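Please examine the structure shown below.

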Amino acid sequence: MKILVTGYKGQLGYDVVNEAHARQIEAVGVDIDEMDITNAQQVHDVITAGAYDAVVHCAAWTAVDKAEDMVDVVRKVNAEGTKNIVEVCRQLDIPVMYFSTDYVFNGQGTIPWKEYDHREPLNVYGQTKYEGELAVESYPKHFIIRISWVFGKNGNNFIKTMLRLGKERGAVSVVNDQIGMVTYTYDLARLVVDMIQTQAYGTYHATNSGDFISWYDFACEIFKQAGMDVKVTPVDSSAFPVKAVRPKNSRMNQSELDDHGFERLPHWKDALARYLDELKG
Ligand SMILES: NC(=O)c1ccc[n+]([C@@H]2O[C@H](COP(=O)([O-])OP(=O)(O)OC[C@H]3O[C@@H](n4cnc5c(N)ncnc54)[C@H](OP(=O)(O)O)[C@@H]3O)[C@@H](O)[C@H]2O)c1
C-alpha cells in the first residue's frame, strides 16, 4: 500500500508518516511547499503522479483565534483545499481520510457528542472544518476522524506552553469550564494506519481514553508528571477573553470505533507520560 500524507510538517502528519514507515507501509509526506492544497492543479498533479492507494489529509489552517479575522483564507484551506483533494480521490477512486474537530459542535449540555449528531460550529475554524466534512461526505470512500486538544512532538501545543509558563512564572491560571479530552498524535497515528487499510468508511471520534477532563485538570497532571512545583489556579473562560468562542462541552462519544472493531487510544495520563519522555528524547 502507498499513501500520501498531507500536512506532514504538522503534529499529526509527522507521526502518521513515521508510523506507516515503522510498519513498512510506503508513505509520502507533503506540506505546503510540495503541495499547496488550495492549488487545485497542483493537488491533481501530485496525487495523480504518485499512484497512491489512499490520501491521509492532515493539512489544515489550525490557528483558531487568528481564523476569526481571516475567514476567506481559512475557508480556502480547510474547505476548498479539502474539496480539491476529495475531487482527485474521486477521479482516482481511492479513499480519503480527513481530520475534524469537536469544534463542529455547539458545546451545549454535558452529554458526549455522538458521531452523527447535529453540527453547529461556534467559530470560523469550526465552520470551515465543518464545510470540509461536507466536502468529504460527498464522496463515499471517506473516513472522518474527529479529534480534540491535540498534542504531538512536531508543533506547538498546550503542554509545551504550560511547561514554558510554569518554568517562567511558577504559577498559571487555567480554564476549568471547558470539558473534553486530549489526543496524542503518536497514539492516533497507530489508529490511522490501521483504519486506512480497511474499508470501514464513516465518521469516528478518536481521542485518548479516561474520564473527561478540563484544561485545568490537564495542567495539574502535566506539572505533576513533570515534577514541577507550579501553582495552578482554576478560572472561568471569561477570565481569558479570546477571539474565537470555544465550546464548553467537547465530550465525544467514541462508540463508532467500538462498533467497527477498532481499539480505543490509551489512557490520557499514560499518553502524557510517554509524550513527556518523547520531549526529553
Ligand atoms: N491541533 C488541534 O488541537 C486539532 C484539534 C482538532 C482537530 N485538528 C485537526 O487535525 C488535523 C491535524 O492537526 P495538526 O495539529 O497536526 O495541525 P498542524 O500541526 O497545524 O499542521 C497542519 C499542517 O498543514 C500545513 N498547511 C497549512 N496550510 C496548508 C496549505 N494551503 N497546503 C498544504 N499544507 C498546509 C501547515 O503548514 P504551516 O504550519 O506552514 O501553516 C502544517 O504543516 C487538522 O485537520 C486539524 O484541523 C487539530
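The questions below concern this predicted model, from the overall fold to single residues.

Q: How do you know that the radius of gyration of the protein agrees with that of a compact globule?
A: With 281 residues, a compact globule would have a radius of gyration near 19 Å, and the protein has 18 Å, so the two agree. The C-alpha trace spans about 55 × 40 × 35 Å along its principal axes.

Q: What share of the residues is buried, and what makes a residue count as such?
A: A residue is called buried when its relative accessible area is under 20%. Buried residues make up 53% of the 281 residues in the protein.

Q: What share of contacts joins residues at least 24 apart in sequence?
A: Among contacts between residues at least 6 apart in sequence, 81% join residues at least 24 apart.

Q: How do you know that the span of helix α6 agrees with its number of residues?
A: Helix α6 (residues 158-169) has twelve residues, which at 1.5 Å a residue should span 16 Å; its end C-alpha atoms are 16 Å apart, and therefore the span agrees.

Q: Which residues of α6 are buried, and what do they pack against?
A: Ile159, Met162, Leu163, Leu165 and Gly166 are buried in α6. The buried residues of this helix pack against β6 (150-151), β7 (171-175), α8 (215-226) and α10 (268-280).

Q: Why is Ser148 called buried?
A: Its relative accessible area is 1%, and the cut-off is under 20%; Ser148 is therefore buried. Ser148 is found in the loop between β5 (142-147) and β6. Leaving aside neighbours within four places in sequence, Ser148 is in contact with Asp102, Met181, Val182, Thr183, Thr207 and Met252.

Q: Why is Gln24 called exposed?
A: Exposed means over 50% relative accessible area. Gln24 has 71%, and is therefore exposed. Gln24 lies in the loop between α1 (11-22) and β2 (26-30), and has a positive phi of about 60° although it is not a glycine.

Terms used:
Residues are numbered from 1 along each chain as its sequence is written. This is a predicted model: local features need pLDDT of at least 70, side-chain atom pairs count only at pLDDT 80 or more; totals for chains, interfaces and linings use all residues. Side-chain values use heavy atoms; hydrogens and water are left out. The radius of gyration is taken over C-alpha atoms; the globule rule is 2.2 Å times the number of residues to the power 0.38. Buried means under 20% relative accessible area, exposed over 50%, partly exposed in between (1.4 Å probe, protein chains only). Contact means heavy atoms within 4.5 Å. Helices (H or I, at least four residues) and strands (E, at least two) are DSSP runs, numbered from the N terminus. The expected span of a helix is 1.5 Å times one less than its number of residues.
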